[in-house]
Amino acid sequence: MAAPKTQGAVAGLKEQDRESCSGIAGVDCEESNSKDCILEPLSLPENPGGTTTLDGSTSVPCIFCEEHFPVAEQDKLLKHMIIEHKLVIADVKLVVDFRRYILYWKKRFTEQPITDFCSVIRINSTAPLEEQDNYFLLCDVLPEDRILREELQKQRLKEILEQQQQERNDTNFHGICMFCNEEFVGNRSVLLNHMAREHAFNIGLPDNIVNCSEFLCMLQKKLDNLQCLYCEKNFRDKNTLRDHMRKKQHRRINPKNREYDRFYVINYLELGKSWEEVQLEDDGEFLDHQEDKWSDWEEHPVSAVCLFCENQAETIEKLYVHMEDAHEFNLLKIKSELGLNFYQQVKLVNFIRRQVHQCRCYGCHVKFKSKSDLRTHMEETKHISLLPERKTWDQLEYYFPTYENDTLLCTLSDSESDLTAQEQNENVLIISEDTSKLDALKQSSILNQLLLQECLKN
């Protein structure tokens with residue numbers, strides 16, 4: 001049987017590689033008598049969601065002999081078969097149920113000769129006959145192997161969907177919020193929706209997740225180890241981690257971390273394809289047919305809310321303009337005049353947010369029945385610009401935000417680059433010079449005067 005896509009990979013093997021299989025299906029090993037060769041890229045043991053083993057066994061037999069190996073150590077079985085029996089299995093990573101796959105071919109090889117199923121690859125074909133050797137490649141070029149892999153994929157998908165349906169209907173779920181420690185009993189969607197709504201932590205729709213309890217335990221363990229779920233950096237204590245995830249908007253998981261893939265149903269839909277590849281194909285087809293309709297699409301950033309009213313602005317610059325025009329409150333000017341650093345700005349914003357939330361005027365300490373009454377009072381009395389003494393708001397308690405999703409806090413900065421163009425024009429003197437007469441310019445340039453003064457000093 002021909003194997004055009006693999007013969008080229010082994011045609012150049014030299015004589016000293018007689019007992020090795022480097023270049024065949026990604027296999028890399030040393031001499032046949034070596035005990036330390038590695039046949040596949042190694043990975044820590046994991047239990048793909050919904051995958052079960054036949055008869056409850058945790059071991060996998062060799063296709064040709066009575067040797068058995070743990071399911072989690074399939075690379076040792078591959079090493080054994082390639083060294084002792086000269087069998088190479090192509091694209092092992094795409095076999096979704098390795099044990100069922102091996103058991104199937106163990107039975108088939110007892111019914112027919114191996115050459116009826118495998119491509120025969122001769123090693124050292126230019127060497128003397130006694131030094132030549134044959135290896136057998138089992139791959140999906142064989143229709144029976146391809147059908148088997150597809151059937152195993154369908155079986156796993158069926159098991160995953162059954163597990164997902166069971167979790168969707170489960171009313172005995174018990175979980176604790178990772179951010180506020182509130183307990184939830186009933187369906188898993190209650191907890192997931194709570195974290196998305198109250199803590200802006202969204203790991204996806206509940207109906208798209210499988211093995212939810214294991215997923216949440218994994219995330220909780222990372223937080224207990226003081227690890228950010230998005231950038232995966234470690235921090236010295238919980239408060240630092242919490243502030244980092246809030247400030248950097250890292251209350252989400254890292255989409256590039258492959259260990260999360262097994263908790264999303266989309267990763268089981270197509271053989272050998274991750275959610276990114278499936279989504280990329282879908283987006284590509286959509287863009288091919290809808291490119292003209294969506295050519296004017298514009299993505300808007302998250303809105304920021306005014307300190308004194310319900311107005312929202314698409315950009316922070318527009319919000320600053322609104323607060324100055326509508327409420328005569330210039331946050332950038334206050335920052336500059338008081339010399340506030342980032343943390344002091346955070347305290348000031350949180351202080352104002354809390355006072356407004358409690359309907360209390362921070363200028364005269366009078367409390368009102370509603371926010372509208374407070375706003376009317378502060379605008380009429382000009383108390384909006386009447387900030388209390390620094391010691392009133394520069395307190396540790398105002399490190400904590402009044403609203404967890406306060407986008408304004410994420411835009412604060414120590415940099416002076418956020419001054420408006422108008423302020424820059426007012427504070428910077430710009431002198432234009434006529435460059436049409438360069439000789440005259442050199443003679444009258446202020447640089448000559450500065451240079452002369454410097455020479456007199458020396």
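Biologist: How many salt bridges does a search of the whole structure find?

Modeller: This is a predicted model, and among its salt bridges is the one in which the side chains of Lys 76 and Glu 73 meet at 3.2 Å, N to O. Another joins Asp 261 to Arg 258, and Lys 107, Arg 108, Glu 111 and Glu 144 are linked in a network of such bridges. For the whole structure, the search gives a count of 21.

Biologist: Which residue forms a salt bridge with Lys 347, and how many residues apart in sequence are the parts that the pair ties together?

Modeller: The side chain of Lys 347 meets that of Asp 394, with N and O 2.8 Å apart. Lys 347 lies in helix α11, whereas Asp 394 belongs to the loop between α13 (390-393) and α14 (407-411), so the parts tied together by this pair are separated in sequence by 47 residues.

Biologist: Is Asp 261 buried or exposed?

Modeller: Asp 261 forms a salt bridge with Arg 258, their closest N and O atoms lying 2.5 Å apart, and Arg 258 is partly exposed at 39% relative accessible area. Buried means under 20%, and because the value for Asp 261 is 13%, this residue counts as buried.

Biologist: Which residue caps the N-terminal end of α11?

Modeller: Helix α11 covers residues 342-357, and 13 of its 16 residues are buried, so the helix is largely enclosed by the rest of the structure. At its N-terminal end, a side-chain oxygen lies 3.2 Å from the backbone nitrogen of Tyr 343, and the residue providing that oxygen is Asn 341.

Terms used
Residues are numbered from 1 along each chain as its sequence is written. This is a predicted model: local features need pLDDT of at least 70, side-chain atom pairs count only at pLDDT 80 or more; totals for chains, interfaces and linings use all residues. Side-chain values use heavy atoms; hydrogens and water are left out. Helices (H or I, at least four residues) and strands (E, at least two) are DSSP runs, numbered from the N terminus. The expected span of a helix is 1.5 Å times one less than its number of residues. Buried means under 20% relative accessible area, exposed over 50%, partly exposed in between (1.4 Å probe, protein chains only). A polar contact is a pair of N or O atoms within 3.5 Å; within protein, one must be able to donate a hydrogen and the other to accept it, and residues adjacent in sequence count only if both atoms are side-chain atoms. A salt bridge is a side-chain nitrogen of Lys or Arg within 4 Å of a carboxyl oxygen of Asp or Glu.
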